[in-house]
Amino acid sequence: MDVPPPEIAYSRMRWNAPLSLPHAESLLHQLQLADAATLVDLGCGWGELLLQAAAMHPALHCEGIDNQAWAIERARGATVERGLAARVRFRLQDATTWDGSAHRLMCIGSSHAWGGSSQALRALAARSAPGGYLLYGDGCWEHGRPPADAVAIFGDGVLRLGDLAAEAVAAGWRVMHSSTADLREWDEFESSWRDGREHWLRTNADDPAAEELRQLVERRLREYLDVYRGVLGFAYLVLRK
Ligand SMILES: C[S@@+](CC[C@H](N)C(=O)[O-])C[C@H]1O[C@@H](n2cnc3c(N)ncnc32)[C@H](O)[C@@H]1O
């Protein structure tokens, strides 16, 4: 069993990406949803961005796909609570096996499902019709070459921001809009990630797994503040096929 269970670990996060509500609204606007009938989110997590899109566009039909059962369960609960079940559904599935079609796609923070950024951008291009849009979110190095201690944490698969956009173009996309998460969004993302775990630690202080989790949370805070704050970026690209 995961400690804490993911429902608790992620309970303090609005979404599992560094993103504010105004930034999300702006990205959904850039995705030209008013001209679309269908939107599919691949690796949707608990589906918050998809639900926001559905709430903003009353004629839009939405589908979210994720391979984590607890996340799909949270997404379905929120769908019913918000009265969106007639137009929004969530599917427990490996996103890389999705072979449907949609006017608009989203893929935020899930490129690892395809093996990395380049592979994801190519696979998603293959699933998109000419004129279709993709809102793509991915980690990237914010400025030039990353320091070795940041590479040691995140590996050498992370691209520089410009290289990520170039990969999108090479995969057959036009970049219609680009933005990155700002430091306030990152601080909120990291803090809310820790907050769910701190909550569990407060109520399970004597659990045999508590010490290891406490160390993990402390290590992540230290790494964030000392190594990757302002170094690891998160890019949002609105792409047109
Ligand atoms: C960083 S989270 C981002 C979730 C969501 N897009 C968001 O922004 O809140 C990455 C998500 O990708 C999902 N994922 C990873 N591999 C997957 C796969 N092969 N098929 C479907 N979902 C996958 C994970 O379960 C997780 O929910």
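Predicted model: local features only at pLDDT ≥ 70, side-chain atom pairs only at ≥ 80, totals over all residues.
Which element gives the largest share of the lining of the largest pocket?

**View 1. The largest pocket and its lining.** Helix α8 supplies the largest share of the lining, four residues. The volume of this pocket is about 1,300 Å³. Its lining consists of 50 residues, and those nearest the centre are N16, I108, G109, S110 and H112. Two or more lining residues come from each of α3 (48-56), α4 (69-81), α5 (117-126), β5 (133-141), α6 (148-154), α8 (183-203), α9 (210-228) and β7 (232-240). By class, the lining of the largest pocket holds 24 nonpolar, 18 polar and eight charged residues.

View 2. Strands of a sheet pair through backbone hydrogen bonds, in either a parallel or an antiparallel manner. Here the strand order is β3-β2-β1-β4-β5-β7-β6, and the pairing is mixed. Strands β3 (88-92) and β6 (174-180) form the edges, each pairing on one side only. From one strand to the next, the twist averages 20°.

**View 3. The pairing of β1 with β2.** Strands β1 (residues 38-42) and β2 (residues 61-66) run parallel and are joined by five bridges.

View 4. Helix α3 lies across β1, β2, β3, β4 (104-108) and β5. Relative to β3, helix α3 runs at about 160°. Helix α3 is also among the elements that give two or more residues to the lining of the largest pocket.

**View 5. The crossing of α2 and α3.** Two packed helices are described by the angle between their axes and the distance between the axes. For α2 (residues 21-30) and α3, the axes come within 11 Å and cross at roughly 65°. This crossing of α2 and α3 is right-handed. On the α2 side, L21, A24, E25 and L28 meet L49, Q52, A53 and M56 of α3. The contact of α2 with α3 comprises six nonpolar residues, one polar residue and one charged residue.

**View 6. The crossing of α5 and α7.** The axes of α5 and α7 (residues 161-170) come within 9 Å, crossing at roughly 35°. The crossing of α5 and α7 is right-handed. Residues S117, S118, L121 and R122 of α5 make the contact with L164, E167, A168 and A170 of α7. In this contact of α5 with α7, four residues are nonpolar, two are polar and two are charged.

Notes:
Residues numbered from 1 in each chain as written. Heavy atoms only, no water. 1 Å grid on protein atoms, 1.4 Å probe; cavity = no way out; pocket = protein on both sides within 12 Å on 5 of 7 lines; lining within 4 Å. Points joined across faces, edges and corners; volume = space filled by probe spheres on them. Nonpolar A, V, L, I, M, F, W, Y, C, P; charged D, E, K, R; others polar. Pairing = 2+ DSSP bridges. Axes fitted to C-alpha atoms, helices over the stretch in contact; angles between N-to-C directions. Contact = heavy atoms within 4.5 Å. Left-handed = near helix turned anticlockwise from the far one by under 90°.
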